[in-house]
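Please keep the sequence and the structure in view while reading.

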Amino acid sequence: MTKEQCQKLVIDIISDIAPDEDISRIKPELRLRDQLQLDSMDFLDIVMELRKRHGIEVPEADYIQLASLESCANYLTPKFEAKA
């Protein structure tokens with residue numbers, strides 16, 4: 001899976017969790033919390049959906065790696081490659 005595919009995957013999860021958010025304006029390099037109205041429960045939902053939909057485990061110590069779309073992609077791409 002490419003980094004772009006990982007970013008799309010996270011955007012799809014965010015659009016399901018927070019359907020009222022305008023995901024078209026998300027800038028990959030900026031923190032998601034600075035761009036969207038996401039709280040800690042929303043981030044926990046993202047982690048849960050990654051596990052449920054894709055079998056990707058994100059330990060609590062690594063949650064900071066999901067701060068931006070870019071960091072999500074950098075963190076998740078090797079995890080998907082390891083699964084393949």
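## Confidence of the model

The pLDDT is the predictor's own confidence in each residue, given on a scale from 0 to 100. The structure shown here is a predicted model. The protein chain has a mean pLDDT of 94, and 100% of its residues reach 70 or more.

Among the elements of the chain, helix H1 has the highest mean pLDDT, at 96. The lowest mean pLDDT, 93, belongs to helix H2, which covers residues 32-35.

## The nonpolar core

In soluble globular proteins, nonpolar side chains tend to be buried together. In this model, the largest nonpolar core comprises 23 residues. Val-10, Leu-32, Leu-50, Val-58, Leu-66 and Leu-76 have the most contacts inside this core. The largest share comes from H4, which supplies six residues.

Leaving aside neighbours within four places in sequence, Leu-50 is in contact with Leu-9, Ile-13, Gly-55, Ile-56, Val-58, Leu-66 and Leu-76.

## Leu-9 in helix H1

Leu-9, one of the contacts of Leu-50, is found in helix H1. Its relative accessible area is 9%, and because buried means under 20%, Leu-9 counts as buried. With neighbours within four places in sequence left aside, Leu-9 is in contact with Met-1, Leu-50, His-54 and Phe-80.

Leu-66 is also among the contacts of Leu-50. Leu-9 and Leu-66 are 57 residues apart along the chain, and their C-alpha atoms are separated by 13 Å.

## The largest pocket

The largest pocket has a volume of about 220 Å³. Its lining consists of Arg-31, Leu-32, Arg-33, Ser-40, Phe-43, Leu-44, Val-47, Tyr-63, Ile-64, Leu-66 and Ala-67. H2 and H3 are the elements that give two or more residues to this lining. H3 gives the most, with four residues.

Two of the lining residues, Leu-32 and Leu-66, are also named among the residues with the most contacts inside the largest nonpolar core.

Ser-68 lies in the loop between H3 and H4. Its relative accessibility is 7%, so Ser-68 counts as buried.

Gln-35 has its place in helix H2. With a relative accessibility of 9%, Gln-35 likewise counts as buried. Not counting residues up to four places away in sequence, Gln-35 touches Arg-25, Ile-26, Lys-27 and Leu-30.

Is Lys-52 buried or exposed? Its relative accessibility is 64%, and because exposed means over 50%, Lys-52 counts as exposed. Lys-52 is located in helix H3, and its side chain is joined to that of Glu-49 by a polar contact of 3.3 Å.

Arg-31, one of the residues lining the largest pocket, is 21 residues from Lys-52 in sequence. From C-alpha to C-alpha, Lys-52 and Arg-31 are 24 Å apart in space.

Conventions: Residues are numbered from 1 along each chain as its sequence is written. This is a predicted model: local features need pLDDT of at least 70, side-chain atom pairs count only at pLDDT 80 or more; totals for chains, interfaces and linings use all residues. Side-chain values use heavy atoms; hydrogens and water are left out. A nonpolar core is a set of buried Ala, Val, Leu, Ile, Met, Phe, Trp, Tyr and Cys residues joined through side-chain atoms within 4.5 Å. Buried means under 20% relative accessible area, exposed over 50%, partly exposed in between (1.4 Å probe, protein chains only). Contact means heavy atoms within 4.5 Å. A polar contact is a pair of N or O atoms within 3.5 Å; within protein, one must be able to donate a hydrogen and the other to accept it, and residues adjacent in sequence count only if both atoms are side-chain atoms. On a 1 Å grid over the protein atoms alone, a cavity is a set of points where a 1.4 Å probe fits but cannot get out, and a pocket is an open set with protein on both sides within 12 Å along at least five of seven lines; lining residues have an atom within 4 Å of a point. Grid points are joined across faces, edges and corners, and a volume is the space filled by probe spheres set on the points.
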